[in-house]
Amino acid sequence: MTAICKRLCPAALRKIVVAFVLVVLAAPFSCAQKISPGEQKLLDYIDAHTTEAVALLEKAVNLESPTENLAGVRAVGAVFKNELAALGFNASWITMPPEMKRAGHLLAEKSGTKGKRVLLLGHIDTVLHGENFQRRGNKAFGTGTSDMKAGDVVLLFALKALHDTGALKDASIIVMLTGDEEDSGDPVETSRGDMIAAAKRSDLVLSFENGGSNVATIARRGASDWLLEVSARTGHSSAIFKPSMGDGAIFETARILSQFYETIRGEQYLTFNPSVISGGTEVEVKEQNLTTRGKTNVVPARVVVRGDLRFITAEQKEAARAKMRAIVARSLPGTTAKITFFDGIPSMPPSPGNYELLRQLDRVSQDLGFGKVVGLDPGERGAGDVAYVTHLLPGLDGLGATGGGAHAKGEYADLDTLPRQIKRAAVLLYRLTR
Ligand SMILES: [Zn+2]
């Protein structure tokens, strides 16, 4: 003991204390070193231009652009087209056939020789309209703020930072801002054809839909619709259940729906919802609406149900459809039923490539001192445009602004997190395109 103490004191102890102090002092510097000088320039640009970013968000929100307002969508598109052209992008507006009744999309492209070829996605249409930009404290209220004009601003200002610091010069980037994400035009082969072509010229896709503080989207569920039509023999109510009459269309529908509920419900990420139902003697189908006529002394002749089906993989969707078809085929006496499925937005299943992009974003976030980023539970968000291309290349979504109230009145984006989201995106793009 004495020998050890003699060896440590006092000169050796002093050395240990000095070394400890040096380690403590060096800690912040070793952290700062994780951000390169080139990356630091991006952060400085973003800090100096946050007010400008908020002003652009105000301008974009005050141009109303619900999907069906084609002129409004094009006006927002023109704002971003000019901004991207000023950064050296070859920017153009892609029109859709008039019968599709969609505004079209903004496509901006620049080619380079270094790093990964990146496709950046956003959308400029909104579901609702009517609420102008209004700043209250650190929140920006207004239709389309968080979903997703603030995300478009994050995307643009990350590129502006790269351009200003000379880091965009050799990068290969395609920006696509769609004008009909909230209600994609039919047929999707046409309305998403340019996006799929852009994905084929890219190595990965980043999408700027509204995000969370420390989560990113590595998987999104797909959405599809179904239509159940049940027919039955009809006549005097007192004859129901007789072999000559059968059980009526409403009991058959009840059987089908309760068997869906009992045997298909509960699988992770799979949901099905009989959303609208109408039954009786006659049912009229007019677009999304169903109306019916009938009397209590008549066995019902017809039921129509419209529903949706959400899924995490195409296999899960097909397996659920097969189970639903089998249940529909087992008709009660005197009834027949038919179910038809309609494809909507595909799913974005979690893939190793998506997880690798998440790992890189997490590294960026931690290097910036913004904490860990983890994958968002796919059950926590709806379907989105990115899923049209993630079967072709790895992707990450939810890189946009944080906020709330999407698709509802009172929608808002958080302005205090806007610089953080732009910095994460800019540094990630910087590293991907070296
Ligand atoms: Zn959206």
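# Domains, core and sheets of a predicted model

Reader: How far apart do the C-alpha centres of domain 1 and domain 2 lie?
Author: The model is predicted. Its domain assignment gives domain 1 as residues 39–220 + 348–432 and domain 2 as residues 222–345. Between the C-alpha centres of these two domains the distance is 39 Å.

Reader: How many residues of domain 2 are in contact with domain 1?
Author: On the side of domain 1 that touches domain 2 there are five nonpolar and three polar residues, and no charged ones. These eight residues of domain 1 are in contact with residues of domain 2 that number seven.

Reader: Is the protein chain a compact globule or more spread out?
Author: Twelve helices and 18 strands make up the secondary structure of the protein chain. For 434 residues the globule rule gives 22 Å, while the radius of gyration is 28 Å, well over that value, so the chain is, compared with a compact globule, more spread out.

Reader: What box do the C-alpha atoms of the protein chain fill?
Author: The box is taken along the principal axes. Its dimensions are roughly 105 × 65 × 45 Å.

Reader: What percentage of the contacts with a separation of 6 or more joins residues 24 or more positions apart?
Author: Of the 434 residues in the protein chain, 45% are buried. Among contacts in the chain with a separation of 6 or more, the share from residues 24 or more positions apart is 79%.

Reader: How many residues of helix α6 are buried?
Author: Helix α6 spans residues 145–164 and is mostly covered. Just after this helix, Gly166 takes a positive phi of about 80°. Of the 20 residues in α6, the buried ones number 18.

Reader: Which residues does Ala426 touch, not counting those up to four places away in sequence?
Author: Ala426 is one of the core residues that touch the most other members. With residues up to four places away in sequence not counted, Ala426 touches Leu42, Ile46, Ala158, Ala161 and Leu162.

Reader: Is Leu432 buried or exposed?
Author: Leu432 is found in helix α12, which covers residues 418–432. Apart from neighbours within four places in sequence, Leu432 is in contact with Gly115, Lys116 and Val118. A residue counts as buried at 20 or more other C-beta atoms within 10 Å. Leu432 has 20 such atoms within 10 Å, so Leu432 is buried.

Reader: What separates the C-alpha atoms of Leu432 and Val230?
Author: Along the chain, Leu432 and Val230 are 202 residues apart.

Reader: Is Gly379 buried or exposed?
Author: Gly379 is found in the loop between β15 (374–375) and β16 (395–396). The C-alpha atoms of Gly379 and Ala219 are separated by 9.2 Å, although these residues are 160 residues apart along the chain. Gly379 has 12, so Gly379 is exposed.

Reader: Which residue in β6 is the bridge partner of Ala108?
Author: Strand β2 (residues 105–110) has five of its six residues buried. Strand β1 (residues 90–94) pairs with β2 in the antiparallel sense over five bridges, with Ile94 partnered by His105. The pairing of β2 and β6 is also antiparallel, over six bridges. There the partner of Ala108 is Val175.

Reader: Which residue in β7 is the bridge partner of Leu119?
Author: Strand β3 (residues 114–123) pairs in the parallel sense with β6 (residues 171–178) over eight bridges, and His123 stands opposite Thr178. Strand β3 also pairs in the parallel sense with β7 (residues 204–207), over four bridges. In β7, Leu119 is partnered by Val205.

Reader: Which are the edge strands of the open sheet formed by four strands?
Author: The strand order is β4-β5-β18-β17, with antiparallel pairing. Within the sheet, β5 (residues 139–141) and β18 (residues 412–414) pair over three bridges, and Lys139 stands opposite Asp414. The strands that pair on one side only are the edge strands, β4 (134–136) and β17 (403–404).

Conventions: Residues are numbered from 1 along each chain as its sequence is written. This is a predicted model: local features need pLDDT of at least 70, side-chain atom pairs count only at pLDDT 80 or more; totals for chains, interfaces and linings use all residues. Helices (H or I, at least four residues) and strands (E, at least two) are DSSP runs, numbered from the N terminus. A nonpolar core is a set of buried Ala, Val, Leu, Ile, Met, Phe, Trp, Tyr and Cys residues joined through C-beta atoms within 7 Å. Two residues are in contact if their C-beta atoms, placed from the backbone, lie within 7 Å. The radius of gyration is taken over C-alpha atoms; the globule rule is 2.2 Å times the number of residues to the power 0.38. Domain bounds come from an automatic or database domain assignment. Ala, Val, Leu, Ile, Met, Phe, Trp, Tyr, Cys and Pro count as nonpolar, Asp, Glu, Lys and Arg as charged, and the others, Gly among them, as polar. Two strands pair if DSSP finds at least two bridges between them.
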